Amino acid sequence: MSANLKGLRFFIKTFGCQMNENDSEHVAGLLVEAGASKALSAEESDIILVNTCAVRKKSEEKIYSFLGRLSPLKKDGGKVIGVLGCVAQIRREELFKKRPEIDFIVGPDHYHELASLLSRKREGKLLKTSWNRAWHEIGSAQTLRESRGSAYVPIMEGCNNFCAYCVVPFGRGREKCRPMDSVREEVLDLAANGYGEIQLLGQNVNSYRDPGTGEDFAGLLRVVSRIEGIEWIRFITSHPKDLSPAIARTMSDRPNICRHLHLPLQSGSTAVLARMNRGYTREEYLEKVGLLKGLMPDIALSTDIIVGFPGETDADFEETLDILKKIEFVNMFSFRYSPRPQTAAAGIEDDIPLEVKRKRLIVLQDAQKEIQLARNRALIGKTFKVLCLGESKKGGGRYSGRNEGFQVVNFSSPRNVRDRFVDVLITGCGPYSLHGETLNGKTAA
Ligand code: SAM
Ligand code: SF4
C-alpha cells in the first residue's frame, strides 16, 4: 500500500544522540514524501512524534514529562501522538499504560514503514517494535536535513558490545551495517548538493564491515575520502577496543578526515573498565592515544566518562582524573552512573551514594574545565577554518560553528555565512568555546 498523508502536518521532538537526530530527519523525509508537511509546533500539528533516548535514567524521565505536557493537546481531538526511539523499543506496551495519550509506538527497525502505518485506518493503539535483521535503505531523497552544510550519514545500526551499564543493545538491537555502495552514493549526492561536511554515524563505527565484501571501516574511510567536494569527514562513535592502526593511519593520510576523534574512555581504572565489560585496559587506551598523537600531533580528542559505576573506589576515580590530566581532552561529556533496565549492571547493587557520585562529577568537571581553559587560551591569536552552523542565540551578527577539532567557535561576521566555511581569528575564549571574528567576512578557500 502506498502511503498518503496529504494535508496532514507533523511535528517531531527529538531527544538524545546524533543517531536520533538523523532518524528524525529520515522520518520527516518519509512523511513529506507521503504528502505531509512539517509544522512549527506541536499545537499546529496533526501528528506529534517524540523520538526518545533511554541511555540514562534522567533522559527517560525527560520523555515522560514532555509527554505529560502534550496531554492537554489531545483534548481537542484529532491529534495523534507517537513515540519512537529507544524508550519506545525498551518499554513497549508499558508506555501505553504509563501515558494513555500515546496512540502508537514504533521502534527503530520500522521507521521505513511509518508513513504507510500512519496512512492506514486503525482501531486502537499500534505497537511495532519487532526486530528486523535487514538494513532498510533510506537515502538522501527521503531525508529532510536540518543543515545544508553538515550532513549525517548512517553506516551502521545497533551494538554487540553489551557494556555492562548500557541500554543501547536493547534499544537498538544487534549490529547491522549499511552496504558500502549505498554509503558512497549518499556521500556523492551530498557532495553534489554542496555539503562541506559529513558525519558517518553508528554506535560503534570502528567495527563496520561491508555486508557484501567484508571491507572494514578503514576501507570505507578510504572510499569516502576520495569523493571530491567533501572537505571534512567525521565519524562517531569509536570504540577504543576496535580502533585499529589502519584506521589511525587512514585518518593521518587523508587531509579531508578531521583531526578529531571522540573516543569514550568511561573510566581510567582497569578494574572498573573490566567490570564495565569495555574490552580494554587503562594502558591499552593510553597506547591507542599514543599511536594517534604520534601520527597526528595536532589531533583533538574528546571523551565520555561515567562516575560512580558500582564498586568505583576513590582510587579508581583518581585514576580517571589522572588520565584526564595526561591526555588533555578538548572536550568531555560526563555522567553519573544510573542503572538501566536489562543491562548486566542492573543486577549489581548501585552502591555508590548519590552524594559521592555528585561530588566526583563536580571534581571531574572542574579538572576538565581547567584543562580546557588552558588549552583554549593558547589558541588566542590563531586562525581556524570554521564551518558555520547558524546564527548564535544572541543574534546581532554573531554566528556559531565548529572548527576541525569540533570545538564551538562563536564569531562575528558582517554577512550571513551559515553552512559555509569561514576563517576565524580567535580573540578570546571560555572553557567551553572560542570567540573570534571572520577575516573581512571572507569565506575560507
Ligand atoms: N556507543 C557509544 C559508546 O560506545 O560510547 C555511545 C553510547 S551512549 C549513547 C553515550 C554515553 O552515555 C556513553 O559513552 C556513556 O558515557 C553514557 N552512558 C551510557 N549508559 C549510561 C548509564 N547507565 N549511566 C550513565 N551514563 C551512561
Ligand atoms: Fe553502549 Fe558499549 Fe555499545 Fe557504546 S559500545 S552503545 S556504550 S554497549
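Predicted model: local features only at pLDDT ≥ 70, side-chain atom pairs only at ≥ 80, totals over all residues.
Reader: Which residues of α8 are buried?

Author: The buried residues are Phe217, Ala218, Gly219, Leu220, Leu221, Val223, Val224 and Ser225.

Reader: And what do the buried residues of α8 pack against?

Author: They pack against two helices, α7 (180–192) and α9 (245–253), and against two strands, β10 (197–201) and β11 (232–236).

Reader: Which residue caps the N-terminal end of α8?

Author: That residue is aspartate 216. One of its side-chain oxygens lies 3.3 Å from the backbone nitrogen of alanine 218.

Reader: You mentioned α9. Which of its residues are buried?

Author: In α9, the buried residues are Ile247, Ala248, Thr250, Met251 and Ser252. Their packing partners are α8, β11, β12 (260–262) and α11 (282–295).

Reader: Let's move to the ligands. Which residues come nearest to ligand 1?

Author: There are 15 residues around ligand 1, and Arg56, Gln203, Gln266, Asp304 and Ser338 come nearest.

Reader: How far is the side chain of arginine 56 from an oxygen atom of ligand 1?

Author: An N or O atom in the side chain of arginine 56 is 2.9 Å from an oxygen atom of ligand 1. Aspartate 304 also has a polar side-chain atom 2.6 Å from an oxygen atom of this ligand. With tyrosine 165 the backbone is involved: one of its N or O atoms there lies 3.0 Å from a nitrogen atom of ligand 1.

Reader: What about ligand 2, which residues are around it?

Author: The residues around ligand 2 are Cys159, Asn161, Phe162, Cys163, Tyr165, Cys166, Val168, Pro169, Gln203, His239 and Arg278. By class, this shell holds seven nonpolar residues, three polar and one charged.

Reader: New topic: how many cavities of 30 Å³ or more are there in the whole structure?

Author: A search of the whole structure finds two. The largest cavity holds about 250 Å³ of space. It is lined by 18 residues, and those closest to its centre are Asp23, Pro108, His136, Ile138 and Glu157.

Reader: Which element gives the most to the lining of the largest cavity?

Author: Helix α1 gives the most, with four residues. Both α1 (18–33) and β8 (156–157) supply at least two residues each. The lining of the largest cavity divides into eight nonpolar, four polar and six charged residues.

Reader: And what lines the second largest cavity?

Author: Gln199, Arg234, Phe235, Ile236, His260 and Phe406 line the second largest cavity, which has about 50 Å³ of space. Strand β11 gives the most to this lining, with three residues.

Reader: How much space lies in the second largest pocket?

Author: About 310 Å³ of space lies in that pocket. Of the 16 residues that line it, Asp298, Ala300, Phe384, Asn403 and Gly405 are the closest to its centre. Helix α13 (354–377) and strand β15 (383–391) each supply at least two residues of this lining.

Reader: One last thing: where is arginine 9, and how exposed does it count as?

Author: Arginine 9 lies in strand β1 (residues 9–14). It counts as partly exposed because its relative accessibility is 36%, between the limits of 20% and 50%.

Reader: How far is arginine 9 from serine 45?

Author: They are 36 residues apart in sequence, while their C-alpha atoms are 4.8 Å apart in space. Leaving aside neighbours within four places in sequence, arginine 9 is in contact with Ser37, Ala39, Glu44, Ser45, Asp46 and Ile47.

Note on methods. Residues numbered from 1 in each chain as written. Chains lettered and ligands numbered in written order. Heavy atoms only, no water. Buried < 20%, exposed > 50% of the residue type's maximum accessible area, 1.4 Å probe, protein only. Contact = heavy atoms within 4.5 Å. Polar contact = N/O pair within 3.5 Å; in protein donor to acceptor, adjacent residues only side chain to side chain. 1 Å grid on protein atoms, 1.4 Å probe; cavity = no way out; pocket = protein on both sides within 12 Å on 5 of 7 lines; lining within 4 Å. Points joined across faces, edges and corners; volume = space filled by probe spheres on them. Near = heavy atom within 4 Å. Nonpolar A, V, L, I, M, F, W, Y, C, P; charged D, E, K, R; others polar.
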